Amino acid sequence: MPTPLLLHACCGPCSLEPLRLLREEGFEPTICWTNPNIQPVAEHDLRLQTLLRWAKDVAHVEVVIAADDRDAWERLVAPAGFDRERRCRACYALRLREACRAAVERGFTHISTTLAVSPYQLFDVCTEQLVALAHSHGLTPVVRDFRPYYPDATRESRELGMYRQNYCGCRFSAAEACIERHEARDARKAAKRKA
(Lines give C-alpha, C1' and ligand atoms only; values in the text may rest on other atoms or scores of the structure.)
Protein backbone atom coordinates (compact mmCIF):
# COMPACT_ATOMS: atom_id res chain seq x y z
CA MET A 1 0.00 0.00 0.00
CA PRO A 2 1.56 3.37 -1.02
CA THR A 3 2.30 5.92 1.69
CA PRO A 4 0.26 9.12 1.26
CA LEU A 5 2.43 12.23 0.97
CA LEU A 6 1.63 15.91 0.46
CA LEU A 7 3.92 17.32 -2.21
CA HIS A 8 4.24 21.09 -2.26
CA ALA A 9 4.50 22.13 -5.93
CA CYS A 10 5.94 25.35 -7.27
CA CYS A 11 4.76 24.67 -10.84
CA GLY A 12 3.78 21.91 -13.26
CA PRO A 13 7.15 21.34 -14.99
CA CYS A 14 8.99 20.97 -11.68
CA SER A 15 6.40 18.41 -10.51
CA LEU A 16 7.00 15.87 -13.29
CA GLU A 17 10.05 14.03 -11.99
CA PRO A 18 9.36 14.31 -8.23
CA LEU A 19 5.91 12.78 -8.75
CA ARG A 20 7.32 9.92 -10.83
CA LEU A 21 10.23 9.23 -8.49
CA LEU A 22 8.17 9.41 -5.31
CA ARG A 23 5.63 7.01 -6.78
CA GLU A 24 8.42 4.61 -7.73
CA GLU A 25 9.62 4.83 -4.13
CA GLY A 26 6.24 3.78 -2.75
CA PHE A 27 4.58 7.11 -2.01
CA GLU A 28 1.27 8.33 -3.40
CA PRO A 29 1.56 12.11 -3.58
CA THR A 30 -1.21 14.65 -3.46
CA ILE A 31 0.02 17.98 -4.79
CA CYS A 32 -0.35 21.11 -2.68
CA TRP A 33 -0.36 24.53 -4.31
CA THR A 34 0.58 27.49 -2.12
CA ASN A 35 2.70 30.08 -3.92
CA PRO A 36 1.90 33.68 -2.93
CA ASN A 37 5.35 34.63 -4.21
CA ILE A 38 4.36 34.32 -7.88
CA GLN A 39 3.85 37.73 -9.45
CA PRO A 40 2.03 39.15 -11.27
CA VAL A 41 -1.29 37.45 -10.50
CA ALA A 42 -1.70 36.54 -14.20
CA GLU A 43 1.58 34.59 -14.00
CA HIS A 44 0.42 32.87 -10.81
CA ASP A 45 -2.83 31.85 -12.46
CA LEU A 46 -1.12 30.61 -15.63
CA ARG A 47 1.24 28.41 -13.61
CA LEU A 48 -1.64 27.06 -11.54
CA GLN A 49 -3.75 26.28 -14.63
CA THR A 50 -0.77 24.52 -16.25
CA LEU A 51 -0.34 22.39 -13.12
CA LEU A 52 -4.04 21.58 -12.88
CA ARG A 53 -4.31 20.51 -16.54
CA TRP A 54 -1.27 18.23 -16.27
CA ALA A 55 -2.43 16.79 -12.93
CA LYS A 56 -5.86 15.93 -14.33
CA ASP A 57 -5.05 14.88 -17.91
CA VAL A 58 -1.61 13.29 -17.60
CA ALA A 59 -0.53 12.57 -14.03
CA HIS A 60 -3.90 11.66 -12.50
CA VAL A 61 -2.96 13.23 -9.20
CA GLU A 62 -5.13 15.27 -6.84
CA VAL A 63 -4.25 18.93 -6.30
CA VAL A 64 -5.07 20.72 -3.05
CA ILE A 65 -5.13 24.51 -3.35
CA ALA A 66 -4.06 25.92 0.00
CA ALA A 67 -3.90 29.56 1.10
CA ASP A 68 -1.88 32.09 -0.90
CA ASP A 69 -1.34 34.87 1.63
CA ARG A 70 0.07 37.67 -0.53
CA ASP A 71 -0.07 40.18 2.33
CA ALA A 72 2.11 37.88 4.45
CA TRP A 73 4.55 37.54 1.53
CA GLU A 74 4.82 41.32 1.23
CA ARG A 75 5.28 41.70 4.99
CA LEU A 76 7.66 38.78 5.66
CA VAL A 77 9.56 38.25 2.40
CA ALA A 78 9.59 41.40 0.28
CA PRO A 79 11.63 43.46 2.77
CA ALA A 80 14.63 41.20 1.98
CA GLY A 81 14.57 42.56 -1.58
CA PHE A 82 17.62 41.47 -3.53
CA ASP A 83 19.26 39.69 -0.58
CA ARG A 84 18.55 36.37 -2.26
CA GLU A 85 19.33 33.95 0.56
CA ARG A 86 17.35 35.93 3.12
CA ARG A 87 14.46 36.42 0.70
CA CYS A 88 14.31 32.77 -0.41
CA ARG A 89 14.62 31.48 3.17
CA ALA A 90 11.63 33.59 4.21
CA CYS A 91 9.70 32.61 1.09
CA TYR A 92 10.35 28.88 1.54
CA ALA A 93 9.30 29.17 5.18
CA LEU A 94 6.03 30.92 4.33
CA ARG A 95 5.07 28.46 1.59
CA LEU A 96 6.20 25.29 3.37
CA ARG A 97 4.54 26.34 6.64
CA GLU A 98 1.22 26.60 4.79
CA ALA A 99 1.85 23.25 3.07
CA CYS A 100 2.54 21.66 6.48
CA ARG A 101 -0.65 23.19 7.87
CA ALA A 102 -2.60 21.75 4.91
CA ALA A 103 -0.93 18.35 5.40
CA VAL A 104 -1.93 18.16 9.07
CA GLU A 105 -5.45 19.36 8.30
CA ARG A 106 -5.86 16.58 5.71
CA GLY A 107 -4.30 13.82 7.81
CA PHE A 108 -0.99 13.38 5.98
CA THR A 109 2.07 12.17 7.87
CA HIS A 110 4.69 12.83 5.14
CA ILE A 111 5.56 15.99 3.21
CA SER A 112 7.97 16.97 0.43
CA THR A 113 8.46 19.74 -2.13
CA THR A 114 9.17 20.07 -5.84
CA LEU A 115 11.45 23.02 -5.08
CA ALA A 116 14.23 20.42 -4.80
CA VAL A 117 14.21 19.78 -8.58
CA SER A 118 15.37 23.18 -9.81
CA PRO A 119 19.10 23.95 -9.81
CA TYR A 120 18.08 27.60 -9.45
CA GLN A 121 16.71 27.03 -5.94
CA LEU A 122 18.80 27.16 -2.77
CA PHE A 123 18.63 23.44 -2.03
CA ASP A 124 20.26 23.47 1.42
CA VAL A 125 18.17 26.41 2.63
CA CYS A 126 14.98 24.82 1.30
CA THR A 127 15.84 21.48 2.90
CA GLU A 128 16.55 23.15 6.24
CA GLN A 129 13.17 24.90 6.16
CA LEU A 130 11.29 21.76 5.10
CA VAL A 131 12.84 19.63 7.86
CA ALA A 132 12.30 22.21 10.61
CA LEU A 133 8.71 22.99 9.63
CA ALA A 134 7.75 19.35 9.08
CA HIS A 135 9.07 18.40 12.51
CA SER A 136 7.32 21.35 14.17
CA HIS A 137 4.04 20.12 12.65
CA GLY A 138 4.62 16.46 13.61
CA LEU A 139 5.25 15.45 9.99
CA THR A 140 7.96 13.32 8.41
CA PRO A 141 9.94 15.36 5.85
CA VAL A 142 10.79 13.46 2.68
CA VAL A 143 13.94 15.16 1.45
CA ARG A 144 15.18 14.14 -1.98
CA ASP A 145 17.67 15.83 -4.27
CA PHE A 146 15.73 15.86 -7.51
CA ARG A 147 18.16 18.27 -9.22
CA PRO A 148 19.85 15.57 -11.36
CA TYR A 149 16.43 15.02 -12.99
CA TYR A 150 15.92 18.67 -13.96
CA PRO A 151 17.00 18.10 -17.61
CA ASP A 152 14.50 15.23 -17.87
CA ALA A 153 11.72 17.41 -16.44
CA THR A 154 12.64 20.21 -18.85
CA ARG A 155 12.57 17.90 -21.89
CA GLU A 156 9.36 16.17 -20.85
CA SER A 157 7.53 19.42 -20.06
CA ARG A 158 8.46 20.75 -23.51
CA GLU A 159 7.22 17.54 -25.13
CA LEU A 160 3.93 17.93 -23.24
CA GLY A 161 3.63 21.56 -24.39
CA MET A 162 3.52 22.84 -20.82
CA TYR A 163 4.00 26.52 -20.09
CA ARG A 164 7.53 27.05 -18.76
CA GLN A 165 8.39 30.19 -16.84
CA ASN A 166 11.77 31.93 -17.05
CA TYR A 167 12.01 33.11 -13.43
CA CYS A 168 11.30 31.62 -10.00
CA GLY A 169 8.20 33.63 -9.32
CA CYS A 170 8.62 36.84 -7.37
CA ARG A 171 9.34 40.26 -8.81
CA PHE A 172 12.89 40.16 -7.45
CA SER A 173 13.68 36.85 -9.15
CA ALA A 174 12.17 38.19 -12.39
CA ALA A 175 14.55 41.16 -12.26
CA GLU A 176 17.53 38.95 -11.41
CA ALA A 177 16.72 36.55 -14.26
CA CYS A 178 16.39 39.47 -16.69
CA ILE A 179 19.78 40.84 -15.66
CA GLU A 180 21.38 37.40 -16.04
CA ARG A 181 19.91 36.99 -19.55
CA HIS A 182 21.20 40.43 -20.58
CA GLU A 183 24.65 39.73 -19.15
CA ALA A 184 24.81 36.41 -21.01
CA ARG A 185 23.71 38.13 -24.24
CA ASP A 186 26.35 40.85 -23.77
CA ALA A 187 29.03 38.21 -23.12
CA ARG A 188 28.06 36.37 -26.34
CA LYS A 189 28.24 39.61 -28.33
CA ALA A 190 31.65 40.44 -26.83
CA ALA A 191 32.94 36.96 -27.68
CA LYS A 192 31.75 37.36 -31.30
CA ARG A 193 33.51 40.70 -31.61
CA LYS A 194 36.77 39.15 -30.37
CA ALA A 195 36.50 36.16 -32.74
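The exercises below cover a cavity, aromatic pairs and charges over rings in this predicted model.

Residues are numbered from 1 along each chain as its sequence is written. Local features need pLDDT of at least 70, side-chain atom pairs count only at pLDDT 80 or more, totals for chains, interfaces and linings use all residues, and side-chain values use heavy atoms, with hydrogens and water left out.

**Exercise 1. State which elements each supply at least two residues of the lining of the largest cavity.**

Step 1. On a 1 Å grid over the protein atoms alone, a cavity is a set of points where a 1.4 Å probe fits but cannot get out; lining residues have an atom within 4 Å of a point. The search of the whole structure gives one cavity of 30 Å³ or more.

Step 2. The largest cavity holds about 60 Å³ of space, a volume being the space filled by probe spheres set on the points, which are joined across faces, edges and corners.

Step 3. Its lining includes Ser112, Thr113, Phe123, Cys126 and Arg144.

Step 4. The elements are β4 (110-113) and α5 (123-136), where helices (H or I, at least four residues) and strands (E, at least two) are DSSP runs numbered from the N terminus. The largest share, four residues, comes from α5.

**Exercise 2. Classify the pair of phenylalanine 82 and phenylalanine 172.**

Step 1. Rings of Phe, Tyr and Trp (its six-membered ring) pair if their centres lie within 6.5 Å; planes under 30 degrees apart are stacked, over 60 edge-to-face, and the rest tilted. This rule gives three aromatic pairs.

Step 2. For phenylalanine 82 and phenylalanine 172, the centres are 5.2 Å apart and the planes at 90°, an edge-to-face pair.

Step 3. Phenylalanine 82 is in the loop between α3 (70-76) and α4 (84-105), and phenylalanine 172, 90 residues apart from it, is in helix α7 (residues 171-194).

Step 4. Buried means under 20% relative accessible area, exposed over 50%, and partly exposed in between (1.4 Å probe, protein chains only). Phenylalanine 82, at 53%, is therefore exposed; phenylalanine 172, at 11%, is therefore buried.

Step 5. Ring pairs also join Trp73 to a cluster with Phe82 and Phe172.

**Exercise 3. Find the ring under the charged end of arginine 147.**

Step 1. A charge sits over a ring if NZ of Lys or CZ of Arg is within 6 Å of the ring centre and within 35 degrees of the ring normal.

Step 2. The ring is that of phenylalanine 123, with its centre 4.2 Å from the charged end of arginine 147.

Step 3. Arginine 47 likewise lies over the face of tyrosine 167, 5.0 Å from the ring centre.

Terms used: 1 Å grid on protein atoms, 1.4 Å probe; cavity = no way out; pocket = protein on both sides within 12 Å on 5 of 7 lines; lining within 4 Å.
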